[in-house]
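Trainee: Please show me how to read the features of this model one at a time.

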Amino acid sequence: MSQPEQRISVLIVDDHPLMREALAAALEGEPDLYVCGIAGNGQQALHQYTELHPHVVIMDLMMPVRDGISAITDILRFDPGARILVLTSAGGDERIVQAMAAGALGYLLKDAERPQILAGIRRVAEGDIYLPAEATSKLVRALQRGAGDAGGAAAAGTAADILSRRQYNVL
């Protein structure tokens, strides 16, 4: 079934079937969004992305086979214009830095309310950064401390070294 061009196609990537189903249900009925695919790990995410070319990928970070950070890196290597919104239970400062440094455009925790998730999808689809206040605070704190000390992607320790130019300007 062909979808109109103005609708935002979404690929959901999470290792928990119930979470995948809940996200798909949350998007159902939104006139500007549709789920084009679902994956249970980062390896499947890359395969689905190369097949479907979705507008937005909703990516969990902690998954078997291939984690979310690796999947983000792989997807962006395949398509540097990919738009990825992280939706995870990993709320630590270093995880936010790792995800943003890998190229994610947004970061939400799984306890986010439906309107916040929908807003994140729409903003990321436009190519904008989407970080709620608590994630922004954690990211700034991690950058101030040089979050790379925990073994993340942020080894250089400054915002300019960790974030893309676009991410840095938005921050």
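Trainee: Which side chains does the polar contact of 3.4 Å join?

Mentor: A polar contact is a pair of N or O atoms within 3.5 Å; within protein, one must be able to donate a hydrogen and the other to accept it, and residues adjacent in sequence count only if both atoms are side-chain atoms. Here the side chains of Asp-60 and Lys-110 are joined in this way, at 3.4 Å. The model is predicted, so local features need pLDDT of at least 70 and side-chain atom pairs 80 or more, while totals for chains, interfaces and linings use all residues. Residues are numbered from 1 along each chain as its sequence is written, and side-chain values use heavy atoms, without hydrogens and water.

Trainee: Where is the place of Asp-60, and is Asp-60 buried or exposed?

Mentor: Asp-60 sits in the loop between β3 (56-59) and α3 (68-78); helices (H or I, at least four residues) and strands (E, at least two) are DSSP runs numbered from the N terminus. Buried means under 20% relative accessible area, exposed over 50%, and partly exposed in between, with a 1.4 Å probe and protein chains only. At 2%, Asp-60 is buried.

Trainee: Which residues does Asp-60 touch?

Mentor: Contact means heavy atoms within 4.5 Å. Leaving out residues up to four places away in sequence, Asp-60 touches Val-13, Asp-14, Asp-15, Gly-68, Leu-87, Thr-88, Ser-89 and Lys-110.

Trainee: How many aromatic pairs does the structure hold?

Mentor: In general, the distance of the centres and the angle of the planes describe a pair of aromatic rings. Rings of Phe, Tyr and Trp (its six-membered ring) pair if their centres lie within 6.5 Å; planes under 30 degrees apart count as stacked, over 60 as edge-to-face and the rest as tilted. There is 1 aromatic pair in this structure. The ring centres of Tyr-49 and Phe-78 are 6.1 Å apart and the planes stand at 85 degrees, so the pair is edge-to-face. Because Tyr-49 belongs to helix α2 (residues 42-52) and Phe-78 to helix α3, the pair ties together parts 29 residues apart in sequence. Tyr-49 is buried at 3% relative accessibility, whereas Phe-78 is partly exposed at 43%.

Trainee: Which residues of α6 are buried?

Mentor: They are Ala-135, Leu-139, Ala-142 and Leu-143. Seen down the axis of α6, these buried residues fall within an arc of 100 degrees, so they line one face of the helix; the arc is that of the directions from the helix axis to the C-beta atoms. Ala-133 and Gln-144, on the other side of α6, are exposed.

Trainee: What does α6 reach from its first C-alpha to its last?

Mentor: The expected span of a helix is 1.5 Å times one less than its number of residues. Helix α6 (residues 133-145) has 13 residues and reaches 18 Å, close to the expected 18 Å.

Trainee: What is phi of His-53, and what is phi of Val-65?

Mentor: For His-53, phi is near 50 degrees, a positive value in a residue other than glycine. His-53 lies in the loop between α2 and β3 and is partly exposed at 46% relative accessibility. Val-65, also not a glycine, has a positive phi of about 70 degrees. Val-65 lies in the loop between β3 and α3 and is exposed, at 63%.

Trainee: What pattern does the chain follow along the sequence?

Mentor: The order is β-α-β-α-β-α-β-α-β-α-α-α-α, from 8 helices and 5 strands. Of the 171 residues, 50% are buried.
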